[in-house]
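Okay, thanks for coming, everyone. Let me put the model up, and then we'll walk through it together.

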Amino acid sequence: MLTELWHDLRYRVRALFRRADLDRELDLEIDAHLEREAAVYERQGMTSDAARRQARLAFGALQDVKERSRDARGTALVESLVQDVRYGSRMLVRHPLFTLTAALSLAVCIGANTTVFTLVNRLLLREPPGVVEPHRLVDIAPTDGSRFREPFVHATLLDGLRRHVTLLESVYGHTLEVQPLSVRADDGAEIVFGAVVTTNYFSALGVRPAIGRLFTTNDREQPGESPIAVLSHAAWLRRFDGDPSVLGRTLDINGQAITIVGVASEPFRGTSVALADIWLPASMASTVRPTGPWPLAAGGRLRGGVTIAQAAAEVQSIAAEIQNALPGGPVMAAPGIRDRRADGLGVVAASPLPPVVRGLVAGLLTLLMGMVSLVLAIACANVAGVLLARGTARRREIAVRLAIGAGRRRLSRQLLTETLLLFALGGAAGVVLARVMTTVIVRVLPPLPVPIDTSLPLDWRVLLFTAGLSLLAAVSCGLVPALQSSRADVVSTLKSDGPGVSDRGRLRHTFLVVQVAVSVVLVVAAGLFVGATRRAAGTDTGFDPHGVEAAALDLSLAGYADASGAAVVQDLVARVQTLPNVASASAALLLPRGGQSRLCCGVTVQGAAPADGEGRFHPSWNSVEPGFFGTLRIPLLAGRDFTGADRARTEPVVIVSEAGARSFWPGEDAIGKHVLWHTDPAPGSGYAGGPGLVGPNPNDAPRDPIQLTVVGVVGDMRTGSSQPPALLYVPFQQRYQARVSVVARSRDGGRLARDIRAIVADIDPRLPVVSSSSLADVVSPVLLQLRLAAVVSATAGFIGMVLAAIGVYGVTTHTVARRTREIGIRIAMGAQRADVVGLVLRQGMALVLVGGAVGLVLAAIAGRLLANRLFGIPPIAPLTFAAAAALFAVVGMVACYVPVRRAARISPVDALRHE
Amino acid sequence: MADNDRLDLPQGTLDLLILKALSLESMHGWAISERIRQVSREAVQVPQGSLYPALHRLERRGWISATWGISDNNRQAKYYALTRLGRKHLVAETAQWARLTTAVGFVLDMS
């Protein structure tokens with residue numbers, strides 16, 4: 001049996017390489033056979049011609065026998081594939097214009113799909129490098145049972161999980177963001193970005209050290225007891241030139257002596273998209289950065305054979321037990337970002353994004369993916385249409401080949417191979433294009449204050465996706481034309497060369513209608529998104545970001561505390577103000593679009609209660625220096641701005657936003673009213689104390705509520721289309737924060753980063769500027785999403801429209817060519833040019849009309865779906881729809897222009913000679 | 001013998017007939033079909049279209065081998081010969097065929 005197999009294989013391989021020889025031998029063999037057979041008939045008394053014919057008849061279809069003999073050699077599949085590829089490439093080269101345009105349009109569309117998928121892969125699918133068995137990792141986060149609500153898990157819960165969980169090998173905590181830390185050296189300070197992790201983090205992930213050791217559970221977890229750190233491989237190379245003597249070296253990090261115990265192996269950069277330079281144990285968080293927010297997100301590793309659902313059930317029951325034992329009632333999230341809606345912990349497969357934003361990002365990416373797939377569908381319909389048309393043109397050739405005995409299946413396979421080649425070409429070019437597009441995406445990302453892993457790797461998943469997509473597209477749009485073409489009716493085709501009315505024409509029209517419809521949808525979507533972006537980014541943001549420089553500082557990095565820090569900020573603002581190019585300057589805890597802070601404990605206002613029935617309002621708040629509103633051009637509607645007189649020991653004052661004033665004192669003058677600022681948790685609110693994300697100084701012991709007097713009302717900040725939030729502004733000098741941004745408006749709109757840096761360095765060389773950016777470049781996440789959607793849909797819509805126009809042009813041209821004779825006769829019979837123009841135009845525009853109508857209906861449905869999301873898109877946008885309809889009417893006309901003109905110029909004499 | 005009296009070959013028997021025909025001497029394609037026709041007293045007409053694919057298949061399996069030689073009419077011809085492997089298969093399949101026909105005969109004789 002084995003010898004047989006071996007013989008078989010050897011034969012096949014030899015047959016493959018000696019194909020030409022074997023074919024010649026077969027020809028000789030069959031010739032000899034026929035000769036002998038003919039000789040027999042001749043002996044029976046036939047003439048030599050008749051005998052030869054008889055021999056051929058007895059033998060059967062010559063080509064068929066040869067083909068089957070070749071098949072029997074067992075190399076047919078490879079051979080015919082090679083043949084098909086060769087034939088296909090010949091056909092593609094012979095029609096360079098078609099090949100080039102088709103491959104190019106496919107490349108653009110496949111490239112767009114690949115690009116979006118690269119994002120999907122990076123943000124939702126890719127496993128962190130340098131981690132063992134990443135498929136067993138999970139994220140744990142507060143949930144309300146259906147959705148994740150918060151990224152961070154309360155320390156008590158995390159502790160309890162680590163102790164009691166059995167279905168997870170380990171549960172670890174880690175920060176999602178990296179925080180700037182100041183490493184002090186003789187020549188000033190350098191910023192490194194640090195993450196905080198529990199001591200079992202590295203062992204749970206299976207990360208290995210490059211040198212030294214990583215944290216272990218032997219490292220003590222009591223606050224301040226483990227002054228050690230692990231460096232990332234990249235930071236080790238960059239900062240210490242890969243010098244192994246770094247082990248055991250003690251660094252001054254934020255004024256604390258921290259010893260480097262190891263360097264993580266090269267690929268590992270943490271588990272989120274933020275890139276850490278250095279990892280600190282959770283026990284050191286509050287020591288290194290007393291004011292810093294270090295809320296931890298939780299993750300874990302499933303035991304082998306345990307499903308996520310099983311682990312989730314256990315985590316949930318442990319969480320419930322711990323909460324019920326807590327004196328203050330249930331807590332879920334880290335404090336300060338207390339979310340009433342979260343009432344349990346959920347478990348989900350780990351990904352680079354925290355579970356709470358994953359849904360949002362997945363939604364956006366789905367939207368983008370949908371749009372780029374639609375463009376690809378258009379491109380496919382276009383190519384399919386052209387293939388059909390070429391099938392018609394090659395009808396005769398195909399019929400001839402069928403007549404001389406070529407198999408229909410073989411023919412379809414050949415035609416399909418040609419299409420596959422075309423798509424392979426498009427796919428390969430698409431991958432190259434996708435590389436370019438991803439680079440561009442990374443370039444246009446808004447500047448980020450912390451290092452984020454923006455690498456968009458082209459890994460096996462992306463390549464597989466692109467290959468699969470190209471194949472799917474090729475088969476779905478090549479199969480029908482291939483089958484259609486090979487179904488040619490030999491006799492009728494060969495007999496007459498007249499225009500066969502066929503399904504093929506109808507099919508091509510269907511393709512065109514689909515094309516137009518889909519591109520209408522895309523154009524309408526583009527209109528909606530551009531409109532929403534414009535609204536979101538328009539003048540109605542409540543402030544003017546243009547020409548404003550914002551430099552972020554962290555005073556705790558240089559060891560300042562309340563009083564000294566506040567003085568430094570005051571000094572800094574004063575000196576920035578004296579710069580010749582600065583119109584005005586100020587400072588603030590938060591910048592517009594830079595996130596928001598909720599109060600831990602809320603405020604109460606006499607005579608007003610929140611609509612949600614809770615005891616306290618939870619407005620966002622900001623701490624600002626005088627001149628903030630003027631610098632950002634936020635209108636002061638009533639009262640006054642803060643002044644230098646609003647200092648630490650003067651009367652506590654507050655400025656409220658218009659929306660705040662309206663909700664606290666509807667219809668009344670807010671000036672002189674009071675707001676009670678609570679620093680203790682409301683009864684039953686579940687707030688258990690501890691450091692907040694961003695909030696009143698966490699080291700403040702709970703104390704009596706502070707009464708703030710309203711001195712001013714300012715305009716609202718608007719983000720996107722949502723209702724402007726109630727905002728409280730307090731004087732920076734009365735509520736110091738270590739993290740602060742200096743803002744300055746330049747006179748000429750230019751950047752001021754260098755000047756501000758120089759002043760900061762002059763005031764204190766140890767104080768680093770964490771980041772500096774032009775406020776106009778800082779884009780809110782909502783706006784960023786909208787912009788992305790607008791750019792993608794506009795590009796998609798444009799490409800789709802051009803492709804649809806090419807499709808209309810192609811079909812109309814084809815029609816004119818086919819009906820030249822008929823048109824000639826009509827003209828000869830006295831038809832007017834106008835009649836001819838009408839005839840051709842009517843047909844072309846009818847398709848556009850049908851496609852457009854279908855497209856508008858689909859777009860209305862899509863618009864309704866989009867309107868349900870947070871993008872601020874109106875469900876009905878008549879103007880956008882009307883504009884899209886008009887646009888396509890014009891595009892249709894333009895596409896028909898050339899063929900119509902050709903039809904109108906047909907000379908009857910030429911036309912009748914045409915055949 | 002009229003055409004419609006000729007037997008259609010059951011699936012797979014052509015291979016066996018070819019092997020049998022080659023068991024006495026090596027032959028070229030046409031001669032094989034002639035031999036089968038003569039020996040079967042014209043009862044079996046080898047479908048010529050199937051002969052060559054079958055020969056290639058058998059050669060691939062290593063049951064027969066092919067060499068070019070000079071034929072009786074002084075022309076180049078491809079001669080097929082039974083290999084050792086082919087002979088083994090011929091014996092085995094002949095026995096199997098006999099068993100099958102006997103068995104089928106029994107069934108058909110049953111009344």
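**The sheet in chain B, and then the interface**

So, let's begin with strand 2 and strand 3 of chain B: seven bridges join them, and they run antiparallel. When I say strand or helix, I mean DSSP runs numbered from the N terminus, with at least two residues (E) for a strand and at least four (H or I) for a helix. Two strands pair if DSSP finds at least two bridges between them.

Before I go further, some housekeeping. This is a predicted model, where local features need pLDDT of at least 70 and side-chain atom pairs count only at pLDDT 80 or more, while totals for chains, interfaces and linings use all residues. Residues are numbered from 1 along each chain as its sequence is written, chains are lettered from A and ligands numbered from 1 in the order in which they are written, and side-chain values use heavy atoms, with hydrogens and water left out.

Back to the sheet. It's an open one in chain B, with three strands in the order 1-3-2 and antiparallel pairing. Strand 1 (27-28) and strand 2 (64-70) are the edge strands, each pairing on one side only. As a reminder, strands of a sheet pair through backbone hydrogen bonds, either parallel or antiparallel.

Now, where does chain B touch chain A? On the chain B side, 27 residues are in contact with 25 residues of chain A, contact being heavy atoms within 4.5 Å. Together the two chains bury about 2,400 Å², 51% of it on carbon and sulfur atoms; that's the accessible area (1.4 Å probe) that two parts lose on being put together, summed over both.

How many salt bridges are there between chain B and chain A? The count is one, and it joins the side chains of B:Lys78 and A:Glu25 at 3.6 Å, N to O. The rule there is a side-chain nitrogen of Lys or Arg within 4 Å of a carboxyl oxygen of Asp or Glu. There are also five residue pairs in polar contact across the interface, both residues at pLDDT 80 or more. A polar contact is a pair of N or O atoms within 3.5 Å; within protein, one must be able to donate a hydrogen and the other to accept it, and residues adjacent in sequence count only if both atoms are side-chain atoms.

Which element of chain B gives the most to this side? Helix 3, with twelve residues.

One residue I'd zoom in on is A:His33, in helix 2 (residues 19-43) of chain A. Its side chain makes a polar contact with the side chain of B:Tyr52, at 2.7 Å. Leaving aside neighbours within four places in sequence, A:His33 is in contact with several residues, including A:Phe59, B:Trp30 and B:Leu51. A:His33 counts as buried because its relative accessibility is 1%, and buried means under 20% relative accessible area, with exposed over 50% and partly exposed in between (1.4 Å probe, protein chains only).

Last stop, chain A as a whole. Its secondary structure comes to 26 helices and 22 strands, and 52% of its 915 residues count as buried.
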